Amino acid sequence: MITVRWEPINMRMSQLSSLRLQCIEVVGKEIQDISEKTILPQSIEECPIRTGALRDTGRVNKPKISPNTYSVELAYGGISKKFGTRVDYAVIQHEKYEHKRTPGTKWKYLEDPIKRNVQNIYYAMASALDFLVKRVFNG
């Protein structure tokens with residue numbers, strides 16, 4: 001005779017469901033951490049530099065959290081605090097290959113570091129989710 005106990009399974013599924021927001025937050029914080037400590041510094045190094053104003057505007061914005069998402073945004077542009085000038089050419093420098101740049105800098109200075117770190121992001125997401133799932137199923 002085979003007996004299936006549904007109560008523990010339902011209880012665990014309920015626990016998993018209640019951890020949805022916590023999962024989003026934990027995974028989001030991992031991505032934010034990688035963005036601040038790895039991606040942005042790499043991006044700033046590759047960012048074109050003439051005056052330094054564009055590099056000075058590189059940032060990881062405050063995350064946006066909703067019941068289903070944790071959004072991390074890396075950005076350039078706006079007012080350079082160091083130089084006091086408005087930087088409104090970040091997109092042009094990023095997207096236009098033909099613009100002249102200082103040697104050692106490049107276009108796609110934000111996109112390329114993100115692409116290089118996709119595996120790190122996936123690993124961080126998997127580790128965070130693994131931790132939370134183990135916590136639910138192992139008590």
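The largest pocket in this predicted model has a volume of about 230 Å³, where a pocket is an open set of points, on a 1 Å grid over the protein atoms alone, at which a 1.4 Å probe fits and which has protein on both sides within 12 Å along at least five of seven lines; the volume is the space filled by probe spheres set on the points, with grid points joined across faces, edges and corners. Its lining, made up of residues with an atom within 4 Å of a point, includes the run Pro-48, Ile-49, Arg-50, Thr-51, Gly-52, Ala-53 and Leu-54, together with Tyr-89, Gln-93, Lys-100, Arg-101 and Thr-102. These lining residues divide into five nonpolar, four polar and three charged, with Ala, Val, Leu, Ile, Met, Phe, Trp, Tyr, Cys and Pro counted as nonpolar, Asp, Glu, Lys and Arg as charged, and the others, Gly among them, as polar.

Residues are numbered from 1 along each chain as its sequence is written. Local features need pLDDT of at least 70 and side-chain atom pairs count only at pLDDT 80 or more, whereas totals for chains, interfaces and linings use all residues, and side-chain values use heavy atoms, with hydrogens and water left out.

The protein contains six helices and six strands, taken as DSSP runs numbered from the N terminus (helices, H or I, at least four residues; strands, E, at least two), and along the sequence these follow the pattern α-α-α-β-β-β-β-β-β-α-α-α. Of the 139 residues, 33% are buried, that is, under 20% relative accessible area with a 1.4 Å probe and protein chains only.

Leaving aside neighbours within four places in sequence, Leu-54 is in contact (heavy atoms within 4.5 Å) with Cys-47, Pro-48, Tyr-76, Val-87, Tyr-89, Ala-90, Gln-93 and Tyr-109.

The loop between helix H4 (90-95) and helix H5 (111-116) holds Thr-105, which is buried at a relative accessible area of 14% and which, apart from neighbours within four places in sequence, is in contact with Glu-45, Glu-46, Cys-47, Pro-48, Ile-49 and Arg-55. Lys-108 is also found in the loop between H4 and H5 and counts as buried at 14% relative accessibility. Most residues other than glycine have a negative phi; Lys-108, although not a glycine, has a positive phi of about 55°.

How values were computed: Buried < 20%, exposed > 50% of the residue type's maximum accessible area, 1.4 Å probe, protein only.
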